[in-house]
Amino acid sequence: MVRLVGTATLVLTLAGCQSLSTEEAGTTPPAKAEQKVTKGKTAKKTVKKQVAKKPATDLWERTRRGLAMDLDNNHPRVLAELRWYKKNQGYFNRVSDRASPYYYFIVMEAEKRGVPLELALMPIMESAFDPFAYSHAGASGLWQFMPATGEHYGLKQNWWYDGRRDVVAATRAALDYMVSLHKMFGDWELALAAFNSGPGRVLNAVNKNKKLGKSTRFWHLDLPRETTAYVPKLIALGKIVRNPSKYGIKLKPIPNKPYFAKVKTGGQIDMARASKLSGVPLNELYRLNPGVNRWSTPPSGPHYLLVPITKAESFRSELARLPTEKRMQWRRYSVKSGDSLIKIANTFRTEPKLIKEVNKMKGNLIRVGQSLLIPMPAKDREEYALTAGQRRIAKQNTQRSGRHRMNYSVKSGDSFWSIANQYNTGVQELARWNNMSPRDTLRVGQKLVVWTRTNASQDSVVRKVNYKVRNGDSLSRIADKFNVAVAQIKTWNTFDSKYLQPGQRLTLYVDVTRAYD
């Protein structure tokens, strides 16, 4: 997961790292070239004849030739990660299949920067090469950029588009970030740790060890658990790529040739139209362009699409022949009495923000008789299965074993925490069921799915109850009275002592339709 500290902290970080010695930064000075000396009065260097290697036909072989980190490290944490990988051949099969469209580009970008090709393996740890991966913390894409870090590196994020998922833009941003972190710390292991948990946190850990007279190498730092496993995972992956047979792993070949080409679209275009023009199935088009959130490319750009290289030339030709007005499907709508932007947007299954953007409106005010241009998808919404909205619906509809689905409409004042507490579930679970992060903003009226362990009624009515503890009350007695769990009462309230006191006030969230079942 990519984290970034604020600008001021970055400046301090850079200044602080300038004083780190090579040893303190966890690196070793480059070894001097060995010289073979012959006997006699004059010592002569023996120069080895360079033998040109044949170009690699497989990307794993190409990666193998560019590995440059310390892969002979047998730290217990590295060995623990190796044990897991050795047992999971299926995981490597899935990763290879997912990586195949993107990996050539990633390796090429890493080589351009002269970085160790272990860095090209980072998406395995970050997302398992799932371009739509979204973490509970709000990180997104192959490289799992957090929103603020993505913005810092120029990755736009709006209703139409999320640059953190854009394969080209995010790969370049991630590798540029790694190069800058290496300049800060002078060490790839520390740079990787900073990529995962933020440079400020790593710098603090380094400075702490310096003060204590301890080693400042990654392996001796006090860092979060996720970060302490991050570097060992990459070293373990490097070991496997270097010699897969040693660990009983077979890496499915990925051809060492480009998979996709970048085609300029010259403006906004419906993804279904682009699919038809290019001959690329719609879902594959979305997987190559996972930054596209909706049923069309963003109106304000970027104005390009990635397509398989075999389809690129014909797609360019078809685009050149397509009249501008046929790139999108539009409808003229005359505002009627009682209309509002929200009502019109709901009618046409779109967003008020989109209507305002297309019609260059600054506010929400509309007039009766006003003509609005409404962009419409060329196909039924469900056909665009990999848009952000459809992915969320698919996630919400995924059956959960031992649980029952309940639809919930977000109310004013609601939060993930309050909703999760009402239904005795976890915040992260609730967010995951709705393909969201607990950090995401909830909107009034937004539809969520809650998977409860009890067969909750669709007509359930939950109310907040302030209960005054009476003589003889206990948590179990109160829980029975209101048909809630003791654990829920403990979650909803903070207790100063282990015993209830008469007159004490408790907050309960009670389904009034079944409170006295």
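Is E189 buried or exposed? I looked it up: E189 is buried, with a relative accessible area of 6%. Buried means under 20% relative accessible area, exposed over 50%, and partly exposed in between (1.4 Å probe, protein chains only).

**Ground rules.** I am reading a predicted model, where local features need pLDDT of at least 70, side-chain atom pairs count only at pLDDT 80 or more, and totals for chains, interfaces and linings use all residues. Residues are numbered from 1 along each chain as its sequence is written, and side-chain values use heavy atoms, with hydrogens and water left out.

**Salt bridges.** I found 16 salt bridges in the structure. The term means a side-chain nitrogen of Lys or Arg within 4 Å of a carboxyl oxygen of Asp or Glu.

**R217 and E189.** I checked the partner of E189. R217 forms a salt bridge with E189, and their closest N and O atoms are 3.4 Å apart. This pair links distant parts of the chain, 28 residues apart: R217 lies in the loop between α10 (199-211) and α11 (225-242), and E189 in helix α9 (residues 188-197). Helices (H or I, at least four residues) are DSSP runs, numbered from the N terminus. R217 is partly exposed, at 31% relative accessible area.

**Network.** I then followed shared partners. Salt bridges join E109, K112, R113, R172 and D176 into one network.

**E109 and R113.** Here the closest N and O atoms of the salt bridge are 2.8 Å apart. Both residues sit in helix α5 (residues 103-113), 4 residues apart, so about one helical turn separates them. E109 is buried at 2%, while R113 is partly exposed at 25%.

Note on methods:
Helix = DSSP H or I, 4+ residues; strand = E, 2+ residues; numbered from the N terminus.
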